[in-house]
Each structure stands twice: as structure tokens, then as C-alpha cells.
Amino acid sequence: AEVHSTLGDHAAAVALYDELLGGKPDAPDDVLLRLAMAASSAGDGPRAVSAYESLYYEWPGTEAAEAAERELPAAEMAPLGPGSVRLARELARGERLFEDRRYGPARESFERVAGVVEGDAAELVSLRLAECDYFLRRYKQVREDLKPWLEGASRRAEARYFDLMTARATGRRDEYIALTRALVEAFPESSWAEDALDSLASMHTVNDEDEQAHAVYRELT
């Protein structure tokens, strides 16, 4: 394929890269980027855009995806509207970046869909934006963003966990402990309550409060 590209036969290179992708190569993102560049050189704009979009959505965080984002004009991307395929792909992209702990890019992705998603997805996006801010240490913004989701939301246990962790991060010890106890009481079977207790035990350990730490660990077990 590289030889064909060097000789100017970019269409033949595209065909070979497609064949290579069908064989599950070790670095599919690199092959896809090469395919997109060959398709662009061959004058096959739609094929190039399709390949660049696949990189952008399905391989976020890679160097190939960053190259694709530079090459992919926003005007050529599919419309971003309610119920659109692009909306679902952008949301999935944000989730993938979030899971990979790439909170800055993840937040940018969630921001793109924030004004478009509806229902449960809107709650998820708002929560993810706040969580990204927490991991980016923008604590003041976190607490403001979480307010609508602390009571009555389907993910309120998760929202309350990040609210109490923000209280801990900003030095509000008494408030942090009170919020932790309130979460455990309200959602005793939730994994978020378990994580909150683990965090509380950790705080006591760091502060050499061994008796309190042991009590929390016994509660966990």
C-alpha cells in the first residue's frame, strides 16, 4: 500500500488498506489513518471523511485520532442533532475518554452534546461534566454543577459521592464526614457508599486517627 501511494496510485492503496483492516492488524488506528490520507489523495472525499470520523470517535486519545481531528473539518461531519448517529457516537466517545481518565478531552466531548441530549442522557452528561471538573480540580464549579442532581435524580448516589469528595478536597472536614454518613444511610447497598466509606477510612489513616479508621474498616467488612 505504501508503494502504491509513493507511485501515486492512491486508490489501489485504499483498497489494500481496507483489506488489511479486514485482517485485524495490530495497529488498526494507524492503518485507518493511512487509509484516510490515501483516500483524500485519491480524491475520494466521502471515504476519507468516513475514515477520519472512525478514528475520531472510535480511537479517541490516540495520535491517529488527534491527526484525524485536525484533518476533519467540522462542516464535513454528520449533523449533531437529537437522535442523530453522530450524537450517539460523540456521547460514546466522551465515555471512552472518561474511562481512560482523559478528563480534559472527555469534558470537551461532553460539552459538544450538552445542549442536544435529552432525558437520561442529559442527566448523565451533566454529571460527567461535573465529574470531569472534579478530576481537573475545578472544585467550585463541581458543587454548582451537582446541585440539580443531589436529590431525585436517578444517579443521585453518584452525584452525592462526588459532592462529598469535593468537600473533602476543599478542606471541609465536618461537612465531608456528615455528607459521607448521609450517603451511607440513604444508599447502604450502593457501591458509591462503599467507596465513600473507603475514602473516609483513608482520611482517618492519613491523619493518624487509627481508632476511627479501624471502626470504618470494620463497618466496610
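A: Start with a term. A salt bridge is a side-chain nitrogen of Lys or Arg within 4 Å of a carboxyl oxygen of Asp or Glu. Keep in mind that this model is predicted.

Q: How many salt bridges does the structure hold?
A: It holds 22 salt bridges.

Q: Which side chain does E58 meet in a salt bridge?
A: E58 meets R89, at 3.2 Å from N to O. E58 belongs to helix α4 (residues 45-58) and R89 to helix α6 (residues 85-99), so this pair ties together parts that lie 31 residues apart in sequence.

Q: Are E58 and R89 buried, partly exposed or exposed?
A: The cut-offs decide: buried is under 20% relative accessible area, exposed is over 50%, and partly exposed is in between. E58 has 41% relative accessibility, so it counts as partly exposed. R89 has 25%, so it is partly exposed too.

Q: Where do E90 and R112 lie?
A: First the bridge: the side chains of E90 and R112 meet at 3.5 Å, N to O. E90 is in helix α6 and R112 in helix α7 (residues 103-114). The two are 22 residues apart, and the pair links distant parts of the chain.

Q: Is E90 buried or exposed?
A: E90 is buried, because its relative accessible area is 0%.

Q: Which residues are linked with E90 and R112 in a network of salt bridges?
A: E69 and R93. The network links E69, E90, R93 and R112.

Q: What describes two packed helices?
A: The angle between their axes and the distance between the axes. Here, take helix α8 (residues 119-135) and helix α9 (residues 139-146): their axes come within 8 Å and cross at roughly 160 degrees. Angles over 145 degrees count as roughly antiparallel. Therefore α8 and α9 are roughly antiparallel to each other. The crossing in which α8 passes α9 is left-handed.

Q: Which residues of α8 and α9 meet?
A: From α8 come L127, A130, D133 and Y134; from α9 come Y139, Q141, V142, D145 and L146. By class, this contact has 6 nonpolar, 1 polar and 2 charged residues.

How values were computed. Residues numbered from 1 in each chain as written. Predicted model: local features only at pLDDT ≥ 70, side-chain atom pairs only at ≥ 80, totals over all residues. Heavy atoms only, no water. Axes fitted to C-alpha atoms, helices over the stretch in contact; angles between N-to-C directions. Helix = DSSP H or I, 4+ residues; strand = E, 2+ residues; numbered from the N terminus. Parallel < 35°, antiparallel > 145°, perpendicular 65-115°, else oblique. Left-handed = near helix turned anticlockwise from the far one by under 90°. Contact = heavy atoms within 4.5 Å. Nonpolar A, V, L, I, M, F, W, Y, C, P; charged D, E, K, R; others polar. Buried < 20%, exposed > 50% of the residue type's maximum accessible area, 1.4 Å probe, protein only.
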